[in-house]
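The tour goes from one selection to the next.

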Amino acid sequence: MENREKREKLYKMAEQDSIYQVWKNGYESNIALFKQFADTQPEEVKNVLFGYADAGRMMMQRMINIACDEMEFIEDRENGI
């Protein structure tokens with residue numbers, strides 16, 4: 001199974017996970033407020049806020065990519081995929 005397929009499968013699994021949904025909903029309900037707040041700040045502070053938020057998201061995305069490079073889904077292994 002290719003990494004892209006693994007990521008898609010992982011995201012589908014996450015969409016079924018209630019804890020993931022809580023965090024996703026919290027993120028989505030606050031992103032507009034975060035942007036609104038950040039846009040009122042001086043450019044230097046705004047850059048720090050967005051830099052921090054983006055670095056956290058990109059760090060987690062990289063961790064997902066690394067996991068997908070290395071992982072095998074149990075059901076795929078059992079089915080010889």
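Select Lys 46 to begin. Its relative accessibility is 22%, so Lys 46 counts as partly exposed; the class lies between buried (under 20% relative accessible area) and exposed (over 50%), with a 1.4 Å probe and protein chains only. The term means a side-chain nitrogen of Lys or Arg within 4 Å of a carboxyl oxygen of Asp or Glu. Asp 39 is partly exposed too, with a relative accessible area of 47%.

A word on the source: this is a predicted model, in which local features need pLDDT of at least 70 and side-chain atom pairs count only at pLDDT 80 or more, while totals for chains, interfaces and linings use all residues. Residues are numbered from 1 along each chain as its sequence is written, and side-chain values use heavy atoms, with hydrogens and water left out.

Next, select Arg 57 and Asp 54. Their side chains form a salt bridge at 3.5 Å, N to O. Both residues lie in helix α3, three residues apart, about one turn of the helix. Helices are DSSP runs of H or I with at least four residues, numbered from the N terminus. Arg 57 is partly exposed at 44% relative accessible area, and Asp 54 is partly exposed at 35%.

Salt bridges with shared partners join Glu 15, Lys 24 and Glu 28 into one network. Select Lys 24 and Glu 28 within it. Their side chains meet in a salt bridge of 4.0 Å, N to O. The two are four residues apart in helix α2, so about one helical turn separates them. An α-helix has 3.6 residues a turn, so residues three or four places apart point the same way. Lys 24 is partly exposed at 25% relative accessibility; Glu 28 is partly exposed at 44%. The salt-bridge count comes to five.

Last stop: helix α1, residues 3–15. How far apart are its end C-alpha atoms? They are 18 Å apart, which agrees with the 18 Å that 13 residues should span at 1.5 Å a residue; the expected span is 1.5 Å times one less than the number of residues.

Which residues of α1 are buried? Select Lys 6, Lys 9 and Ala 14. They cover an arc of only 140° around the axis, so they sit on the same side of α1; the arc is taken from the directions from the helix axis to the C-beta atoms. Now show what covers these buried residues, including α2 (18–39), α3 (43–70) and α4 (74–78). Contact here means heavy atoms within 4.5 Å.
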